[in-house]
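Here are my notes after going through the model, in the form of numbered points. Have the structure open while you read.

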Amino acid sequence: MEQNAEYRQQMIEEYKAATEPLLKYLPWMEKNAGRTVSRNYQGNGLSKSSISFPVYDANLMSFVKEAAASPLMDRNYVYVYTRNRIRSHADEKRLIAGAELKDWEILGGILSKYVLEGRTKATLWGDAMQEDIFLLVLRKMREIIRYWDKAGH
């Protein structure tokens with residue numbers, strides 16, 4: 001039993017180290033919850049037939065860059081979605097809300113989908129902000145870490 005407690009505490013320490021750098025973005029995410037954090041580029045030299053592209057808030061870009069380099073990224077996030085039958089934002093939000101320590105992989109998978117896929121599908125980062133996915137995942141990760149770290153269960 002003592003080994004389980006030690007192992008769990010070690011996991012919490014790893015999760016904490018991976019998550020803490022991203023938590024500095026929480027206040028900004030809370031302030032911008034549900035908002036559009038991009039605008040379409042309409043710069044000089046774009047003709048009417050040109051494709052416009054989103055220009056994201058600098059805070060979001062910093063978050064995405066830091067998250068992409070973190071150990072939280074799961075390149076196999078597609079399996080998390082398949083295994084848990086995640087098909088909509090409602091599914092994601094339901095799983096995030098109910099997540100516990102044992103569900104850390106689900107939280108990482110959802111975060112990974114938006115961070116990694118957003119590199120090729122420009123609208124995903126904006127979707128994650130408008131739907132509060134980044135915000136909800138970070139809050140839940142913080143909640144789990146605080147619970148298990150404090151309690152020392």
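1. Let me start with a pair of helices. The axes of α6 (residues 104–117) and α7 (residues 123–130) cross at roughly 140 degrees and come within 7 Å. On the α6 side the contact is made by Lys113, Tyr114, Val115 and Glu117, and on the α7 side by Leu124, Trp125, Asp127 and Ala128. Sorted by type, the residues of this contact are five nonpolar, three charged and no polar. Keep in mind throughout that this is a predicted model.

2. Now the overall layout. The protein has eight helices and two strands. Reading from the N terminus, the order is α-α-β-β-α-α-α-α-α-α. Of the 153 residues, 41% are buried. Among contacts with a separation of 6 or more, 72% are between residues 24 or more positions apart.

3. Which residues have the most contacts inside the largest nonpolar core? They are Met29, Leu60, Phe63, Ile110, Val115 and Phe134, in a core of 47 residues. Two or more residues come from each of α1 (2–23), α2 (26–31), α3 (58–68), α4 (77–83), α5, α6, α7 and α8 (133–151). The biggest giver is α8, with nine residues. As background, nonpolar side chains tend to be buried together in soluble globular proteins.

4. Phe134 deserves a click. Leaving out residues up to four places away in sequence, Phe134 touches Met29, Leu60, Phe63, Leu111, Tyr114, Val115, Trp125, Ala128 and Met129. Tyr114, Val115, Trp125 and Ala128 also take part in the contact between α6 and α7.

5. Back to α7 for a moment. Its buried residues are Leu124, Trp125, Gly126, Ala128 and Met129. Leu124, Trp125 and Ala128 are also among the residues that meet α6. After α7 comes Asp132, with a positive phi near 65 degrees. Asp132 sits in the loop between α7 and α8.

6. Not counting residues up to four places away in sequence, Glu117 touches Tyr77, Ser112 and Leu124. Of these, Leu124 belongs to the α7 side of the helix contact, where Glu117 itself is on the α6 side.

7. Asp103 is another acidic residue to look at. You'll find Asp103 in the loop between α5 (89–98) and α6. Asp103 is buried, since its relative accessible area is 15%, under the 20% cut-off. The side chains of Asp103 and Lys102 are joined by a polar contact of 3.4 Å.

8. Arg85 isn't a glycine, yet has a positive phi of about 50 degrees. Its place is the loop between α4 and α5. Arg85 counts as exposed because its relative accessible area is 57%, and the cut-off is over 50%.

9. Next, Lys24, in the loop between α1 and α2. With a relative accessible area of 53%, Lys24 is exposed. The side chain of Lys24 still makes a polar contact of 3.2 Å with that of Glu66. Lys24 and Phe63 are 39 residues apart along the chain, and their C-alpha atoms are separated by 9.0 Å. Phe63 is also one of the residues with the most contacts inside the largest nonpolar core.

10. Last one: how far apart in space are Asp57 and Gly126, C-alpha to C-alpha? The distance is 9.7 Å, for two residues 69 apart in sequence. Asp57 is in the loop between β2 (54–56) and α3. Asp57 is partly exposed, with a relative accessible area of 27%, whereas Gly126 is one of the buried residues of α7.

Conventions. Residues numbered from 1 in each chain as written. Predicted model: local features only at pLDDT ≥ 70, side-chain atom pairs only at ≥ 80, totals over all residues. Heavy atoms only, no water. Axes fitted to C-alpha atoms, helices over the stretch in contact; angles between N-to-C directions. Helix = DSSP H or I, 4+ residues; strand = E, 2+ residues; numbered from the N terminus. Contact = heavy atoms within 4.5 Å. Nonpolar A, V, L, I, M, F, W, Y, C, P; charged D, E, K, R; others polar. Buried < 20%, exposed > 50% of the residue type's maximum accessible area, 1.4 Å probe, protein only. Polar contact = N/O pair within 3.5 Å; in protein donor to acceptor, adjacent residues only side chain to side chain. Core = buried A, V, L, I, M, F, W, Y, C linked by side-chain atoms within 4.5 Å.
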